[in-house]
Amino acid sequence: VLVFLTGHGGENFFKFQDFEEITSKEIGQIFATMHQNKRYGKLLFFMDTCQASTMLADLDAPNVVSISSSVHGQSSYSVSLFILEMKLI
């Protein structure tokens, strides 16, 4: 299973459309529940947002590999670059 989130985030949270947020603790609980319910064998979690690595803090479910685009206190500009690229096309 691949879970890919990109957008706006901060320390231990990710925003959906500036209306809803999900925390690192909630992500950890979701993946743990998914594993308990045998919803995946292996899971790749890719997080592309500012301070993305903080969203990995509460992951302890088995067979989860995680990748983040930025560390604590660091901005991630890849979303802006994607929008710029789309405008050029």
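Q: Is Phe46 buried, partly exposed or exposed, and what is its relative accessible area?

A: This is a predicted model, and the values below are computed from it. Phe46 has a relative accessible area of 24% and is partly exposed, because buried means under 20% and exposed over 50%.

Q: How many aromatic pairs does a search of the whole structure find?

A: The general idea comes before the case. A pair of aromatic rings is described by the distance of the centres and the angle of the planes. In this structure, the search finds two aromatic pairs. One of them joins Phe4 and Phe46, with 5.2 Å centre to centre and 15° between the planes, and is stacked. Phe4 belongs to strand 1 (residues 2-6) and Phe46 to strand 5 (residues 43-48); the pair thus links distant parts of the chain, 42 residues apart. Phe4 counts as partly exposed, at 45% relative accessibility.

Q: What is the geometry of the pair formed by Phe31 and Phe45, and are these residues buried or exposed?

A: The pair of Phe31 and Phe45 is edge-to-face, at 5.2 Å centre to centre and 80° between the planes. Phe31 lies in helix 1 (residues 24-36) and Phe45 in strand 5, 14 residues apart, and this pair also links distant parts of the chain. Phe31 is buried at 4% relative accessibility, and Phe45 is buried at 0%.

Q: Which residues of helix 1 are buried, and where do they lie around the axis?

A: The general idea concerns the helical repeat. An α-helix has 3.6 residues a turn, so residues three or four places apart point the same way. In helix 1, the buried residues are Ser24, Ile27, Gly28 and Phe31. They cover an arc of only 100° around the axis, and therefore lie on the same side of helix 1. Lys25 and Gln36, on the other side of helix 1, are exposed. The cover over the buried residues of helix 1 includes strand 1, strand 4 (20-23), strand 5 and strand 6 (64-68).

Q: What span should helix 1 have, and how far apart are its end C-alpha atoms?

A: The 13 residues of helix 1, at 1.5 Å a residue, should span 18 Å; the end C-alpha atoms are 18 Å apart, so the two values agree. After helix 1 comes Lys38, which has a positive phi, near 55°.

Q: In what order do the three strands of the open sheet stand, and which of them are at the edges?

A: The order is 2-3-4, with antiparallel pairing. Strand 2 (9-10) and strand 4 are the edge strands; each has a single partner strand, so one side of each lacks a neighbour in the sheet. Strand 2 and strand 3 (residues 13-16) run antiparallel and are joined by two bridges. Gly9 has Phe14 in strand 3 as its bridge partner.

Q: What pattern does the protein follow along the sequence, and how many helices and strands does it have?

A: Along the sequence, the pattern is β-β-β-β-α-β-β-α. The secondary structure consists of two helices and six strands.

Q: Which totals describe the burial, contacts and surface of the protein?

A: Of the 89 residues in the protein, 26% are buried. Among contacts with a separation of 6 or more, 47% are between residues 24 or more positions apart. The accessible surface comes to about 6100 Å², and carbon and sulfur atoms account for 57% of it.

Key:
Residues numbered from 1 in each chain as written. Predicted model: local features only at pLDDT ≥ 70, side-chain atom pairs only at ≥ 80, totals over all residues. Heavy atoms only, no water. Phe/Tyr/Trp six-rings, centres within 6.5 Å; stacked < 30°, edge-to-face > 60°. Helix = DSSP H or I, 4+ residues; strand = E, 2+ residues; numbered from the N terminus. Buried < 20%, exposed > 50% of the residue type's maximum accessible area, 1.4 Å probe, protein only. Contact = heavy atoms within 4.5 Å. Areas by Shrake-Rupley, 256 points an atom, 1.4 Å probe, with all protein chains shown as cover. Expected span 1.5 Å × (residues − 1). Arc of directions from axis to C-beta. Pairing = 2+ DSSP bridges.
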